[in-house]
Amino acid sequence: MAIKRLSLTRGDSQTYTLTFKDASQNPYCIKNWVVFFTIKTNYDLPDSQASLQKIITTFADTTAGTSGVAVIPFLPEDTANLDPGEYDFDIAVKTNSNEVYTVMKGKIDIEYDVTKSAGTAGTVA
């Protein structure tokens, strides 16, 4: 697995969409899977000390789960208090048969933000 590099501006909205497919490019049924997106200052830290962890248990097609698509949304408040810098991350899944796989890992740069309260700057009195 290649190490990936991601970038996210602190306090911004961002969505990561993953599609899980088998070797024949058929989507997995991910109903009852759990997807973890974990960000840490050091990969050796326990998950309880993660800077941020998103846990996704519902998917767009929760009835059938056949599209294999998982959406991981980041809201402004998720990263607003993170210090800018380089973090370790991974995306792991736990299947409905309790198998665990790391599907992506690498570095994520949390970039600094300038605007702290969108919508209030430049207000005309």
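Is Lys116 buried or exposed, and why?

Modeller: Lys116 is exposed, because its relative accessible area is 58%, and exposed means over 50%. This is a predicted model, and the value is computed from it. Lys116 is found in the segment after S7. Between Lys116 and Pro84 there are 14 Å in space, C-alpha to C-alpha, and the two are 32 residues apart in sequence.

Strand S7 (100-111) supplies at least two residues of the lining of the largest pocket, and so do strand S3 (34-40) and strand S6 (85-94). That pocket holds about 280 Å³ of space. Its lining has 15 residues, with Tyr43, Asp88, Phe89, Asp90 and Lys105 nearest the centre. By class, 6 of the lining residues are nonpolar, 3 are polar and 6 are charged.

Next comes the interior. In soluble globular proteins, nonpolar side chains tend to be buried together. Here the largest nonpolar core has 24 residues, and Val35, Phe37, Ile72 and Ile108 have the most contacts inside it. At least two residues of this core come from each of strand S1 (3-9), strand S2 (14-19), S3, strand S4 (52-56), strand S5 (69-74), S6 and S7. S6 gives the largest share, 4 residues.

How values were computed. Residues numbered from 1 in each chain as written. Predicted model: local features only at pLDDT ≥ 70, side-chain atom pairs only at ≥ 80, totals over all residues. Heavy atoms only, no water. 1 Å grid on protein atoms, 1.4 Å probe; cavity = no way out; pocket = protein on both sides within 12 Å on 5 of 7 lines; lining within 4 Å. Points joined across faces, edges and corners; volume = space filled by probe spheres on them. Nonpolar A, V, L, I, M, F, W, Y, C, P; charged D, E, K, R; others polar. Core = buried A, V, L, I, M, F, W, Y, C linked by side-chain atoms within 4.5 Å. Buried < 20%, exposed > 50% of the residue type's maximum accessible area, 1.4 Å probe, protein only.
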